[in-house]
Amino acid sequence: MVVWIAFLVLITLILALDLGVFNKTPHVISTKEASKWTAIWVTISMLFSGVVYWLYTTDYVLNPNQLKPSVAAMKFITGYLIELSLSIDNIFVIALIFASFKIPKKYQHRVLFWGILGAIIFRGLMIYFGVLLINKFTWTSYIFGAFLLFTAIKMLFTTEDEEEFNPKNSLIYKILGKLIPISTHTEKEHFFIKTEKGNAATPLFVALIVIEVMDVVFAIDSVPAILAITSDPFLVFSSNIFAILGLRSMYFFLANMLEKFSHLEYSLIAILSFVGIKMLLHDYIEIPEWASLAFIALALIIGVIVSLQISKKEKASEKDEV
């Protein structure tokens, strides 16, 4: 429990510094600033794998699966990369939500900050019950594996012609509108404003709620995917949280380059298929941890390279047409 408490205190401290010091004044996050913070978060996450290695050489953290320190560190990195890769889809949706509700760029960080705070709580609950199910009913791993495989197949056949998500037509928006008046007016970074009819939610609050609900939807894929790597609660939770904490800077880093990474969807399909099959066949085939890590890293690298190459060719062909 000491390790868990220390980890949660660390996360709380990081979030307090983020909003209270580094982003006290609302401002537009530049690509340069976002790239710097993205690099910092990735570095911190990789360094934390060293902390994981140290923790699993001691008795400070519960080790229910009797993992070797090197295996625990690799499982942390693998889980982190899975969550990070599956967050790409989330970034596309966040950009769509901000555009739909016309959220000024300088207030987007504030919305994402509170969104991530909520995501930590919801992910924690989902991980807790997911680990509980897998440890108590081992057959649930087959359900999770089949679900991930189904999701991958669904993504494969809906990549080209998928209907675009419209936040204002969503059930979340309609339900929220019945619970509280919604204003189209944004007043600085406030989530609520006073009107003649009483308090009303600003577009910032509406965007926050929609992002929270969409994160829960995405977690339905990502949490089982990490559980395919390990059912160790600390590894699942810590890898998930580090990926979530780095999501804001990654969003601002990729916000202006989303079109360049539109073909990264196929990497996500490959990763989901791999972890789904791994879950289904875990009683028959044992895949070494280094092989899982190598496959996921390779799928991401190939996806990024191919996406950039295709984007480059598409821009060149557009210029030729002009």
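**Exercise 1. Find which element gives the most to the lining of the second largest cavity, and describe this cavity.**

Solution. Keep in mind that you are looking at a predicted model.

Step 1. Start with the contributions: helix H3 gives the most to this lining, with 4 residues.

Step 2. Now name the residues. Glu-83, Leu-86, Ser-87, Asn-90, Arg-123, Phe-218 and Ser-222 line the second largest cavity. The elements that supply two or more of these residues are H3 and H7.

Step 3. Sort the lining by class: there are 2 nonpolar, 3 polar and 2 charged residues.

Step 4. Finish with the volume, which is about 30 Å³ for the second largest cavity.

**Exercise 2. State how many cavities of 30 Å³ or more there are, and describe the lining of the largest cavity.**

Solution. Here is the idea behind the search: rolling a probe the size of a water molecule over the atoms shows where empty space is left.

Step 1. The count comes to 2 cavities of 30 Å³ or more.

Step 2. The largest cavity holds about 80 Å³ of space.

Step 3. Its lining is made up of Asn-90, Ile-94, Leu-112, Gly-115, Ile-116, Ala-119, Ile-211, Asp-215, Ile-244 and Leu-247. H3, H4 and H7 are the elements that give two or more residues to this lining, and the largest share, 4 residues, comes from H4.

Step 4. By class, the lining of the largest cavity divides into 7 nonpolar, 2 polar and 1 charged.

**Exercise 3. Describe the second largest pocket by its volume and its lining.**

Solution. We move on from cavities to a pocket.

Step 1. The volume of the second largest pocket is about 530 Å³.

Step 2. Its lining has 21 residues, and those nearest the centre are Lys-75, Ala-228, Ile-229, Thr-230 and His-282.

Step 3. Look for the elements that give two or more residues to this lining: they are helix H3 (69-100), helix H4 (105-136) and helix H10 (265-280).

Step 4. The classes in the pocket lining are 10 nonpolar, 7 polar and 4 charged.

**Exercise 4. Work out how H7 and H8 are placed relative to each other, and say why they count as oblique.**

Solution. Two packed helices are described by the angle between their axes and the distance between the axes.

Step 1. The axes of helix H7 (residues 203-227) and helix H8 (residues 233-245) come within 10 Å and cross at roughly 135°.

Step 2. The crossing of H7 and H8 is right-handed. On the H7 side, the contact is made by Val-223, Ile-226 and Leu-227, and on the H8 side by Val-236, Ser-239 and Asn-240.

Step 3. This contact has 4 nonpolar, 2 polar and no charged residues.

**Exercise 5. Describe the crossing of H2 and H9, including its handedness.**

Step 1. Helix H2 (residues 31-55) and helix H9 (residues 247-254) have axes that come within 8 Å and cross at roughly 140°.

Step 2. The crossing of H2 and H9 is left-handed.

Step 3. H2 makes the contact through Thr-31, Ala-34, Ser-35, Trp-37, Thr-38 and Trp-41, while H9 uses Arg-248, Ser-249, Met-250, Phe-252 and Phe-253.

Step 4. By class, the contact of H2 with H9 has 6 nonpolar, 4 polar and 1 charged residues.

Conventions
Residues numbered from 1 in each chain as written. Predicted model: local features only at pLDDT ≥ 70, side-chain atom pairs only at ≥ 80, totals over all residues. Heavy atoms only, no water. 1 Å grid on protein atoms, 1.4 Å probe; cavity = no way out; pocket = protein on both sides within 12 Å on 5 of 7 lines; lining within 4 Å. Points joined across faces, edges and corners; volume = space filled by probe spheres on them. Nonpolar A, V, L, I, M, F, W, Y, C, P; charged D, E, K, R; others polar. Axes fitted to C-alpha atoms, helices over the stretch in contact; angles between N-to-C directions. Left-handed = near helix turned anticlockwise from the far one by under 90°. Contact = heavy atoms within 4.5 Å. Parallel < 35°, antiparallel > 145°, perpendicular 65-115°, else oblique.
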